[in-house]
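Hi,

Here's the structure I promised to pass on.

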Amino acid sequence: MRVAPKDIQSFRDDFTYSNSAEAIERFPFPFAEDEYRYSVNMEPHLPKGGEGSAFEKFLDIDEHYLSEMAERQKVLNDMPQRCLAMPHMDLACWDMVERIMLSLSADYPDYFSLTREGDLWSWENKLLNIKDQFTFGDSSSLPMPPLDYIGRQVQGDFALLDQREGDLFLDAGIITCPADWSLAFDAGMSFKEWHGPVPMAHSEGIFERALKYLIAIPVGKPVRRLNWTLTVNARMDTSPEKYHEWGHERASVTPENVGEKVYLRVEVQVLDRMPRSNAMMFSIRTYLLSLEDLVTNKEWAVRMHRAMKTLPEPLINYKGLTRFHGTVVDYLSQFDPLN
Ligand code: HEM
């Protein structure tokens with residue numbers, strides 16, 4: 001059974017965010033082996049894990065829906081530039097409106113509905129009390145630009161990549177919960193350029209192989225990959241623009257509070273070809289799980305310990321874990337019988 005969205009919790013200040021037992025059980029734990037290394041880890045985005053799993057539907061709507069939408073609103077009110085679409089991406093934005101409305105209304109008919117008569121569309125989002133009629137493709141018929149409009153109604157950050165010259169360019173996006181990267185900084189960059197800061201992967205040819213794979217993805221064959229990091233406190237918006245608000249929290253982790261303060265942050269990333277514009281839609285759906293909740297699953301606790309203990313130094317530094325990585329490994333070691 002899928003758990004219904006619960007009342008709003010916070011990802012800042014008093015951090016009231018919490019996971020129910022069901023949310024812990026369906027958490028997309030990312031480690032398939034005891035050692036973690038970068039790889040071209042992509043697979044078809046097909047249902048996996050049965051009813052209620054995070055991989056059951058194309059877009060996962062879960063108990064945190066209202067909280068994440070409220071958090072997105074706060075970020076956009078403060079910094080509207082976190083949503084950006086270059087003029088040539090207009091068609092791609094409408095592609096995305098269609099993809100999201102069709103999939104949400106088909107997968108969650110109790111929450112979302114869409115009726116279409118030619119270009120006249122009626123959309124209802126019962127969770128957010130939104131009901132609008134608009135003309136598909138005509139941005140003036142919506143209360144705000146199409147990317148902004150739909151992005152405020154779906155969990156996860158979204159980027160739209162323009163494909164040209166055998167490359168992908170980051171020309172649009174709504175990014176309010178990034179793991180320490182900036183849309184404003186990366187806007188207009190190519191695949192290898194925006195991945196510039198990532199260690200090890202360039203020399204191992206990972207980005208070259210990934211790009212070849214991506215530009216050949218056809219319409220209707222979405223793929224997914226997982227990425228992860230650790231975040232101190234249940235903070236969604238760990239953007240460079242707000243570093244002054246969260247960077248210092250890395251120094252607040254102690255052996256006493258590490259279980260409740262450090263969160264495994266997992267991104268389920270889906271790449272989907274858009275039918276009219278040929279753009280790529282890239283969604284980054286973020287899940288947060290505190291270490292003390294994670295270790296309630298004994299297999300995860302052991303694996304997490306081993307993956308953290310053997311993490312290469314360049315990854316520890318790049319992911320921003322340097323100050324508290326040792327504390328995390330020490331904490332997790334108590335759950336590993338081979339330790
Ligand atoms: C990191 C975007 C696809 C592998 C990143 C970063 C961004 C990004 C903005 C952070 C870079 C920084 O430090 O500033 C995207 C977008 C994609 C995409 C928009 C859509 C095309 C992929 C694919 C792979 C990949 C297909 C597969 C190999 C990675 C890796 C990292 C990374 C390994 C480092 C993550 C970490 O250690 O936390 N990506 N990426 N990315 N990306 Fe991608």
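α7 gives the largest share of the shell around the ligand, four residues. Helices (H or I, at least four residues) and strands (E, at least two) are DSSP runs, counted from the N terminus. At least two shell residues each come from α6 (191–194), α7 (206–215) and β8 (223–232). Bear in mind that this is a predicted model: local features need pLDDT of at least 70, side-chain atom pairs pLDDT 80 or more, while totals for chains, interfaces and linings use all residues. Numbering runs from 1 along each chain as its sequence is written, and side-chain values use heavy atoms, without hydrogens or water.

There are 22 residues around the ligand, with Tyr38, Trp194, His195, Tyr318 and Lys319 coming nearest (near: a heavy atom within 4 Å). By class, the shell has 16 nonpolar, three polar and three charged residues (nonpolar is Ala, Val, Leu, Ile, Met, Phe, Trp, Tyr, Cys and Pro; charged is Asp, Glu, Lys and Arg; the others, including Gly, are polar).

What donates to it from the protein? A single donor, His195 (NE2), sits 2.0 Å from the iron atom (donors: N, O and S within 2.8 Å of the metal, or 3.2 Å for Na, K and Ca; water isn't among the atoms, so sites may look incomplete). His195 lies in the loop between α6 and α7.

Ligand oxygen atoms are also 2.4 Å from a side-chain N or O atom of Tyr318 and 3.5 Å from one of Asn227.

Cheers

Notes. Polar contact = N/O pair within 3.5 Å; in protein donor to acceptor, adjacent residues only side chain to side chain.
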